[in-house]
Structure formats: C-alpha cells, structure tokens
Amino acid sequence: RRETPIHGLDQVGRQMVAHLHALLRPTTRLRNRARQICAQAGPLRGLDEAALNERIAAQARACRLHGARDDQAGRQLREQSLAVIAVAVERVHGFTPHVEQVMGALGLLEGHMIEMATGEGKTVTAAMAAVAAAWRGLPCHVVTANDYLAQRDAELGGHLFGLCRLSVTSVTDGMPPSSRAAAYGHDVVYTTAKELLADFLRDQLILGKTPQRARFSLGQARAGHSGVATMGKEVVLRGLAQVIVDEADSVLIDEAMTPLIISSPHQDDLLAQAAGEAAALARQLQKDEDYTVNALLRHSALTDKGREHLRLHTQGMSPFWRHPERARELVEMALHAQSFLVRDLHYVVEDGKVVLIDELTGRLARQRTLSLGMQQILEACEALPISPPSQVSARLSFQRFFRLFSHVGGMTGTAQEARREFAAAYGLATLPVPTHRPLQRRFLSDALCVDEQAKFDAIVREALGCHAEGRPVLIGMRSVRSSQMLHAHLQRSHPALQVEVLHAVNHEQESAIVARAGRPGAVTIATNMAGRGTDIGLDEGVRAAGGLHVVIGESNDFRRIDRQLAGRCARQGDPGSVRRHLAFDDELMRRFTPPRLLQCWRWQHRHLPWLDSTGTALVLWLTQRRAELQAFRQRRETLKHDLEVDKTGL
C-alpha cells in the first residue's frame with residue numbers, strides 16, 4: 001500500500017475534522033453502542049462450551065467475508081463480534097469486560113485514538129480489538145512500548161486467542177531471522193515499533209521495487225507459508241493491514257523524533273584515529289573563549305579564536321584534518337559529546353561498550369547507535385575501543401511507516417496533550433473514555449526548592465513521612481544518574497531504610513520491583529520506565545492509609561510524561577496522592593526556561609513566597625510548552641527530511 005502524502009493544508013484539514021469530531025460528542029454515542037454490545041452479550045453467557053465454540057466459528061466466518069466493510073452492515077458486524085468476544089473473555093479470565101473496555105475496543109476498530117486512564121484494563125481492551133481485527137483474515141499487529149510488554153501481553157492473551165480460533169505470538173529483540181517469518185505468520189503479533197519497522201525495511205531491501213511484490217505474492221502462495229525466499233533471503237512480513245498501537249503517545253509521538261535506520265558496519269581506520277584526535281582537541285578548548293554552548297538547542301560552535309586554535313593544532317596531523325570544514329565539524333561533534341552527553345543520563349558503559357539510554361522511557365536502547373561519527377567520538381571520549389562506523393542501507397520515519405497501514409487504532413493514558421498531532425500526522429481523532437470508577441487521586445501543591453540538594457532533602461522528608469504512615473512511595477526521576485544520587489542521599493541519611501531502585505541498568509528486575517512497590521511503607525525510586533504498562537497492587541491496609549503516594553522528583557520535558565507517572569497511583573477507584581518537587585537548577589529549567597523568566601521566578605520566590613503555587617505552575621507550563629514545541633519541530637523536520645530523501649515514496 002502506498003503512503004498517502006500529507007501536505008500543509010491536509011494537516012490543517014485533519015485538525016479541523018478532529019475538532020469537529022470532538023464537538024459532536026462521539027464519546028456519548030460510543031458509550032451507548034458499548035452498552036448495546038454488553039446487552040447483546042447477555043444471552044450468550046448461558047451457552048455451553050460446544051455452542052459457544054460454534055458461535056465463535058460462525059462469527060469468525062462472517063468477519064472473514066464482510067468484516068472489512070465500513071457501512072452500516074460492517075458496523076453491526078463489529079458490534080456482534082465484540083459481544084461474542086466479551087463472553088469469551090469472561091470464560092477465559094473469569095470477569096466480564098465493563099462498558100468502558102468495550103468502548104475502547106470499539107474505538108480502536110473504528111480508527112480512533114482512545115485515551116483510557118492507567119489501570120482501566122487496556123491490555124484486555126487491545127486483545128478484544130485484536131481478535132475482531134484478526135477475524136477479517138488479514139495480519140493484525142499490536143505494537144507496544146517495549147519487549148517486556150509485548151511478550152507479557154501475548155502470553156496473557158494466549159488462551160483468549162486460542163478460544164477464538166486465532167494464533168498469537170510476540171516478536172522481540174534478539175529473535176533470530178530464521179524464526180521471524182514463522183512468527184509473523186500468526187494471526188496476531190505483539191511487537192514493538194522498532195522491531196516491526198526494522199523487519200519492514202529489511203523486507204524492502206530484499207523486494208526492491210514495486211514490481212517484485214507481485215512475484216513475492218505468487219511465491220508466497222506457492223510456498224504455502226508466511227515467508228518466501230527471494231534471492232536467497234526470506235521476506236518475513238505478510239503485509240500491513242491492521243495495527244493497534246498501545247502506549248500510542250510513546251510510539252507515535254516520542255519515537256517519531258528520530259527515523260529508524262538499517263545500517264551495516266564497515267571498517268574505517270582513518271575515522272577511528274580522527275575520532276580520538278577530535279576528543280583530545282576538544283579537551284584543550286576553553287568554554288566561552290574557544291567555543292559557545294546553546295543549552296536550548298543542545299548545540300556547540302567554535303568561535304573565531306577556537307577556529308584559529310584548531311588550525312594551529314592540526315598542522316602536521318593526518319590528511320583527514322587538512323580540510324578546514326571537516327575538521328571544524330568533527331571537533332564540534334566532540335564538543336557536543338563533551339558538553340551534552342552525560343554518562344548514566346544519556347548512556348551507560350556496559351562490558352566496555354557505549355549503550356544509549358532512551359531518555360523518554362529510561363530503558364537501554366541496545367540496538368541503537370549514534371550516527372555520523374558521533375558514536376565513535378563518544379567512545380573516544382570514554383577511552384573505549386572504537387567501533388566501526390555504519391553505512392546506511394535504508395531509513396524511514398515512524399510517521400510515514402504507520403501511514404502505510406490501512407487500519408490504525410491507538411490507545412494511551414495521555415492522549416489529550418498530543419491530540420492535534422495525532423490528527424494532523426495520522427488522521428486519528430482522540431476519544432476520551434471515562435474511568436470505570438470515580439477517580440480518587442489527590443494532587444498536592446508543588447514543592448519549590450532553591451537547588452537540587454534542598455530538593456533531595458524535601459523528598460526524603462516526604463518519603464519518611466509516608467513510610468511512617470504505612471503508605472508506599474514511588475519517586476520518579478529522569479535518569480539513572482539522578483536516581484542513584486537520590487538513593488545515595490537516602491542511604492547516607494537513613495541507612496536502615498530499605499529502598500528499591502529501578503532504572504535502565506537493572507531493568508531485568510522490573511516486574512519483581514514493581515510487585516513490591518505497593519507494600520506498606522515501601523520506598524521505590526524509578527525512572528520513567530515505571531510509568532508504562534505495569535500495575536502496582538495495593539492491599540486493604542495500604543488503601544485505608546491513603547494509598548500509593550507518587551513523588552515527581554524531576555519534571556519531564558513533556559506534560560504527558562508527568563501525567564503518566566502520576567497515573568501510577570489511584571487506579572480503579574483506589575485512593576492515592578501526587579506531589580511534584582521542583583528546583584531552579586533542574587535540567588528542564590536549565591534547558592528550556594528563558595533566563596529572564598528564571599530570574600523573575602527566583603525573585604518572586606525570595607520576596608513573594610505566597611505566590612509560589614501560581615508562579616511555579618505558570619513557569620512550568622511555559623517551560624514544558626517550549627520543550628514540546630521544540631520536539632514537535634524536530635519531528636516535523638525528521639518527516640520533511642525523510643520525504644526529501646525518498647520523494648518517490650514506498
């Protein structure tokens with residue numbers, strides 16, 4: 001399927017349609033339809049096992065014949081399918097899907113972005129929609145935020161898919177190429193966006209131009225399986241039809257900031273030597289004299305004095321340095337690594353290799369490397385062996401990739417902040433689904449501190465207070481570095497206190513740490529990875545004490561990531577509370593708050609402390625809005641560059 005080009009006026013039109021759609025109260029109509037589906041499911045609950053199996057088989061046949069229709073008959077067929085699937089869920093899991101879950105499944109099938117609060121049962125909602133989509137006979141991919149969730153959700157849904165006469169599996173990092181074709185041959189495949197797009201690009205390299213696709217289809221039919229050998233290599237995907245995107249803001253927005261690139265290493269001894277020399281030269285330069293730093297744009301640039309310094313020090317060096325612009329570019333890259341890439345914040349060193357950290361999820365991105373020589377320069381700065389640079393074979397942005405699917409549905413707990421971009425980039429209107437039970441989350445006033453040390457002291461006092469009350473505390477930090485610093489601070493001041501730490505380095509223990517995070521008096525420090533797809537269970541004693549308390553120890557660049565962390569507490573009607581701690585020297589403030597506004601804010605805190613609540617809320621909103629706009633421009637430039645690289649499309 002060819003990508004539908006989206007130009008400026010098309011984006012404006014999509015946004016207007018999304019706004020009009022919201023004014024027509026679609027949530028009310030969706031709720032009424034969901035109630036009708038639940039009513040249809042009532043008589044089916046009395047069927048015995050044989051009768052239910054027969055009904056499931058009949059519904060699957062009907063969907064295979066007419067399930068792709070978008071008219072009134074197709075709509076009724078979707079509703080009938082969800083009624084049957086709801087009964088199947090009850091037989092497998094022992095509970096009846098509530099109206100809000102049926103609303104979510106129906107919205108996914110009809111191409112909407114569904115906002116469901118954390119703890120509302122999105123996993124079951126996605127599985128119900130996947131069953132109905134797979135009954136059409138076309139491939140159904142369920143994309144989620146990481147390998148752990150993909151594997152977990154596929155295993156949790158295994159019995160449901162089996163009862164509904166469908167096969168399911170997960171495709172994760174590390175799966176050998178020989179197993180991928182068989183995996184994608186299943187009716188429903190849980191995976192991540194990176195794995196799916198990487199396999200798609202590898203298939204494109206094998207298939208080449210469009211005429212080969214017909215030959216692939218014929219070869220596939222003759223082979224009688226999902227994969228087919230082409231020029232000695234096997235194509236693994238069966239096609240792009242229905243995709244259900246869980247944690248859609250992470251997948252469709254955050255990951256869209258950088259395109260996915262398929263590359264292969266090639267030895268370049270000259271670049272390896274030059275990377276080490278560039279790192280050494282950068283260490284000799286003086287900030288503000290030889291180079292300037294722009295914290296907002298994360299950019300370093302040589303001054304005239306710095307260029308002269310570089311010219312003098314590269315005389316007599318290898319031929320690589322004889323070109324002035326090439327020398328300047330390489331040294332400025334080394335300055336960027338020296339000024340902005342912080343160990344245990346942006347990367348870790350593991351087994352003598354640089355492993356990048358995904359800043360938005362806090363997880364290690366083992367398969368990701370920096371491009372254009374930056375990876376080699378960073379390795380040189382850390383005095384590590386220089387890896388061979390990569391040669392680009394294929395690239396594609398996530399925005400373009402997801403527009404290749406004929407049916408797209410998404411769900412997340414935080415869609416409202418990005419609803420305009422969902423509409424403009426993907427044509428997805430956002431539908432908020434109400435919570436099943438009334439929300440009991442309490443937002444406490446923000447705590448403003450003069451510096452990081454004072455903020456750590458305030459967080460420790462708050463954590464100890466909750467610990468004494470028997471309430472568990474989850475403290476969210478942005479990076480491995482800051483989480484380790486806070487943990488060390490807690491250990492120094494209260495060595496007897498048991499504190500769990502969850503970050504990219506020990507992510508293998510995630511499920512065990514999260515399982516203990518809801519115990520009475522538990523104190524857990526976690527990076528953003530704790531805000532995705534995990535459930536912190538509470539006992540009755542914790543509920544009576546006030547539930548889980550969430551501390552946002554470092555505000556994130558985007559408001560919705562803070563809201564994800566806040567969503568760890570007060571799930572499914574449980575009590576809970578949230579407090580944000582801020583300091584003037586937080587990374588967010590240093591990078592995105594205008595200097596004059598920061599000065600005014602400091603003055604207001606010293607002389608008018610009674611305005612702290614209002615002033616902090618205003619400055620934080622403006623700062624995060626500035627960060628969000630910069631990220632949006634970066635995604636737009638990524639898409640623009642991607643289109644320029646391949647103007648003919650796919």
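This presentation describes several local features of a predicted model.

Good morning, colleagues. Three strands form an open sheet in the order β11-β12-β13, and their pairing is antiparallel. The edges are taken by β11, residues 347-350, and β13, residues 364-365, each of which pairs on one side only. Strand β12 covers residues 353-357, and two bridges join it to β13 in the antiparallel sense. Within that pairing, I357 stands opposite L364 of β13.

The loop between β11 and β12 contains D351. Its phi is near 55 degrees, which is a positive value in a residue other than glycine. Is D351 buried or exposed? Its relative accessibility is 76%, and because the threshold for exposed is over 50%, D351 counts as exposed.

A second residue of this kind is Q572, which is not a glycine and yet has a positive phi of about 50 degrees. Q572 lies in the loop that runs between α23, residues 559-566, and β23, residues 575-583. Here the relative accessibility is 24%, so Q572 counts as partly exposed.

I turn now to a pair of helices. In general, two packed helices are described by the angle between their axes and the distance between the axes. Helix α3 spans residues 49-66 and helix α4 spans residues 72-93; their axes come within 10 Å and cross at roughly 145 degrees. The crossing of α3 past α4 is left-handed. Which residues meet at this contact? From α3 there are E49, L52, R55, I56, Q59, A62, C63 and H66, and from α4 there are L77, Q80, S81, V84, V87, A88 and R91.

The next topic is aromatic pairs. How many does a search of the whole structure find? The search finds six aromatic pairs. One of them joins F401 and F405 in an edge-to-face arrangement, with 5.4 Å from centre to centre and 80 degrees between the planes. Both F401 and F405 are buried. Another pair is formed by F584 and W601: their ring centres are 4.8 Å apart and their planes stand at 80 degrees, so this pair is edge-to-face. F584 lies in the loop between β23 and α24, residues 587-592, while W601 belongs to helix α25, residues 595-607, so the pair ties together parts that are 17 residues apart in sequence. With a relative accessible area of 3%, F584 is buried, and W601 is buried as well, at 2%. Ring pairs also link F200, F401, F402 and F405 into a cluster.

What surrounds Q399 once its neighbours within four places in sequence are set aside? Q399 is then in contact with A256, E421, Y426, R635 and L639. The C-alpha atom of Q399 is also separated by 8.4 Å from that of I253, a residue 146 positions away along the chain.

Thank you for your attention.

How values were computed: Residues numbered from 1 in each chain as written. Predicted model: local features only at pLDDT ≥ 70, side-chain atom pairs only at ≥ 80, totals over all residues. Heavy atoms only, no water. Pairing = 2+ DSSP bridges. Helix = DSSP H or I, 4+ residues; strand = E, 2+ residues; numbered from the N terminus. Axes fitted to C-alpha atoms, helices over the stretch in contact; angles between N-to-C directions. Left-handed = near helix turned anticlockwise from the far one by under 90°. Contact = heavy atoms within 4.5 Å. Buried < 20%, exposed > 50% of the residue type's maximum accessible area, 1.4 Å probe, protein only. Phe/Tyr/Trp six-rings, centres within 6.5 Å; stacked < 30°, edge-to-face > 60°.
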